[in-house]
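Here is a short briefing to read alongside your structure.

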Amino acid sequence: MVATSSSVGSGAAGAAEFVGSKSRKYNYFTPRGKRATHYEDVTCDVQPDPERYLIQDWIIEFEGGKGGGAYRKENTSALSSNWHAFRAPDQEWERTHYQRQSKIETMVQNVITNARKAGAHKVFDKAWLTVLQKHLGAWKHAEFGLGTSLMQAQRYGYTQMINNATLTNSSYKMRLTQDITLYLAEIGMDIDGWDDDLGKKTWLEDPIWQPCREAVETIMGSEDYLEQYFAINIIFEPLIGELVRSGFFMQAAAANNDFITPPVISAAEADYERNLANTVDLIYLLANDEQHGAHNRALFKSWIAKHGALAEKAADALQPIWSQPHSKPVSYQDVKEVSRERLAQILGELGLN
């Protein structure tokens, strides 16, 4: 709602009066349901907006900045008639996020500790040990790059609801990166000749991984925070993320006598379902905006073309990994077809296919 001027000077605190300003209830925003949820109470309008309440303009300004305050609509090329309409479907806020992350970390650490005590690594197929060192070690760098990109993107979102969803997304990526790093380091202590640096070397030098690096670094290099969020969850994750995690490691591991790796990375698939739901909800609102829907749909299609081409190239370059384990329970072509169907389903929900 638009703030109205009071008798107080426009630059002073209390210069704006709005419906409910004297109320002790949270009624200055419109809840998604009949009543405001705890998530809405602690998230909506935490980031102030002069178009809604503060006629004295932004209360935060950086020295030597571009002007217009710390948060500007121009930080993305997408347009919206109401940026505050978005509510994250997962309803995640600080407390619930920490609780969920803690439970996942406890589970992962228990799996690793119990597996080491049982000597589970001793039955790993020898070729699979090399796959873990090289390719799971390389994959953690992809996850780290995406997490870093999202961490940067969340700084520029126009509302706290958007920033919360982006930041929790980043946190999940960073947690998985840490989980993989600790997992490989811990089982490596029990395996002769284990090389902790092989994953980094593979990520930086192996031709198989260079198109994936290009896709990740292109996302990281974008100056549009919504493009970063879109490219990661709408394009990269279905075409590469799920392809590698569930399409390779979670299916090939058990066939090569490895029952530790799947539970270590399995939480990432549940993470993505939450992040995807949040992203789809936001992008759907923008794609169907009454005033700016046509502009946004054209913009999103340009992002699909740009990042889709890079993701397809990266996925095809990773194909040789599927032939490296001794036991090959699933073919690359089969999982690639699943990833394409997944992307088509997502774009279909958004009306962008």
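Cys-44 is buried, because its relative accessibility is 1% (buried means under 20% relative accessible area, exposed over 50%, partly exposed in between, with a 1.4 Å probe and protein chains only). This is a predicted model, where local features need pLDDT of at least 70, side-chain atom pairs count only at pLDDT 80 or more, and totals for chains, interfaces and linings use all residues. Residues are numbered from 1 along each chain as its sequence is written, and side-chain values use heavy atoms, leaving out hydrogens and water.

**Cysteines**
- The count of disulfides (cysteine sulfur pairs within 2.5 Å) is 0.
- Cys-212 is buried too, at 0% relative accessibility.
- Beyond residues up to four places away in sequence, Cys-212 touches Trp-139, Ala-142, Trp-203, Phe-236, Ile-240 and Ala-314 (contact means heavy atoms within 4.5 Å).

**Salt bridges**
- You will find 25 salt bridges here (a side-chain nitrogen of Lys or Arg within 4 Å of a carboxyl oxygen of Asp or Glu).
- Lys-173 and Glu-237 pair up with their closest N and O atoms 2.9 Å apart.
- Lys-173 is buried at 5% relative accessible area, and Glu-237 is buried at 1%.
- Asp-190 bridges to Arg-116 at 2.8 Å, N to O.
- Both partners are partly exposed: Asp-190 at 32% and Arg-116 at 27%.
- Arg-100, Glu-105, Arg-175, Asp-179 and Asp-271 form a salt-bridge network.
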